[in-house]
Amino acid sequence: MEDDNAIFLLALLYSFLVLFGFITNSLIIAATFSSKSLQSTCNILIAFCSFSDIIHMFGHLPKIIWIFTGRFFMSSYLCNTFQAIPLFGLSAGTFGILSIGVDRLISVLFPTFYTSKNPFRYLVSHAFVIILYFIGQCLLILSNFEDKQVICSPPEVYHGQAKENWAMISCIVYITSFIVYLIVWVQVRRKGINVIFVDSTFTVVDDNWPTKY
């Protein structure tokens, strides 16, 4: 009985985290499109990262159902098919955090270029790199695919060595992101420029972290 209560509480907490992520990311997107002052290339990248997280969160639905019912095993093939779109959200959201950091770094180190850039081409270049990262994740999944029964969630599309490689790659991306943001923060403090905006960028990006996995 105690185990059942613990599982139920775990399910509620897990569901709350997913719902919290969905609401906060939706608010970021709504704010971006409703305010002209929040439609810079940086804010669009933030909104895209939030949208990616929302897509990724749908990949947690099978696991939530399993926690409540205990009866939601499925084949790896079916799970990977279901997780195809959420996987893009996971990949884009993970790399999107780094993209936002790179955007801030460019704006601080090369302000002349940043203010004169073509916004469309600039955003397309970010999207291109994110898509390449997603393709790399797909190749990683296919290289180690195993047909087995799984409790379907985004990490379960990675099998065997692929799961370790995915974890390592994700850590590298997050560590790189941290280093990039740290450099931006140091440069902002040193030059004394627009500290409030960078603070808000850090806050928005931090909202995306709890729902990554």
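Which residue forms a salt bridge with E146, and how far apart are the closest N and O atoms? The partner is K148, and the closest N and O atoms of the two residues are 3.8 Å apart. A salt bridge is defined here as a side-chain nitrogen of Lys or Arg within 4 Å of a carboxyl oxygen of Asp or Glu.

## Basis of the report

The structure is a predicted model, in which local features need pLDDT of at least 70 and side-chain atom pairs count only at pLDDT 80 or more, while totals for chains, interfaces and linings use all residues. Residues are numbered from 1 along each chain as its sequence is written, and side-chain values use heavy atoms, with hydrogens and water left out.

## Overall architecture

The chain contains 9 helices and 2 strands. Helices (H or I, at least four residues) and strands (E, at least two) are DSSP runs, numbered from the N terminus. Read from the N terminus on, the order of the elements is α-α-α-β-α-α-α-α-β-α-α.

Of the 213 residues in the chain, 42% are buried. The term buried means under 20% relative accessible area, exposed means over 50%, and partly exposed lies in between (1.4 Å probe, protein chains only). The accessible surface of the chain is about 11,700 Å², and 73% of this surface belongs to carbon and sulfur atoms. Such areas come from the Shrake-Rupley method with a 1.4 Å probe; for residues, only the protein chains shown count as cover. Among the contacts in the chain with a separation of 6 or more, 79% join residues 24 or more positions apart; a contact means heavy atoms within 4.5 Å.

## The disulfide and other cysteines

A search of the whole structure finds 1 disulfide, a term that denotes a pair of cysteine sulfur atoms within 2.5 Å. The bond is formed by C79 and C152, whose sulfur atoms are 2.2 Å apart. C79 belongs to helix 4 (residues 76-82), and C152 to the loop between strand 2 (149-151) and helix 8 (161-191), so the pair ties together parts that are 73 residues apart in sequence. The torsion about the S-S bond of C79 and C152 is about 85°, and the disulfide is therefore right-handed.

C79 is buried, at a relative accessible area of 0%, and C152 is likewise buried, at 0%. Two further cysteines may be described: C49 is buried, with a relative accessible area of 0%, whereas C138 is partly exposed, with 23%.

## Salt bridges

The structure holds 3 salt bridges. In the one between K148 and E146, K148 is partly exposed at 33% relative accessibility, and E146 is partly exposed at 36%. K163 forms a salt bridge with E156, with 3.3 Å between the closest N and O atoms. Here K163 is partly exposed at 30% relative accessibility, and E156 is partly exposed at 23%.

A salt bridge also joins the side chains of R104 and D103, at 2.9 Å from N to O. R104 counts as buried, at 8% relative accessibility, and D103 counts as buried, at 0%.

## Aromatic pairs

A search of the whole structure finds 6 aromatic pairs. Rings of Phe, Tyr and Trp (its six-membered ring) pair if their centres lie within 6.5 Å; planes under 30 degrees apart count as stacked, over 60 as edge-to-face and the rest as tilted. One of the pairs is that of F88 and F134, which is edge-to-face, with 5.1 Å from centre to centre and 85° between the planes. This pair links distant parts of the chain, since F88 is in helix 5 (residues 84-109) and F134 in helix 7 (residues 119-143), 46 residues apart. F88 is partly exposed, with a relative accessible area of 24%, whereas F134 is buried, with 18%.

F95 and Y133 form a tilted pair, with 5.0 Å from centre to centre and 35° between the planes. F95 lies in helix 5 and Y133 in helix 7, so the pair ties together parts that are 38 residues apart in sequence. F95 is buried, with a relative accessible area of 15%, and Y133 is buried, with 12%.

## A charge over two rings

The charged end of K117 sits over the ring of Y114, 3.5 Å from the ring centre. K117 also lies over the face of Y122, at 5.1 Å from the centre of that ring. A charge sits over a ring if NZ of Lys or CZ of Arg is within 6 Å of the ring centre and within 35 degrees of the ring normal.
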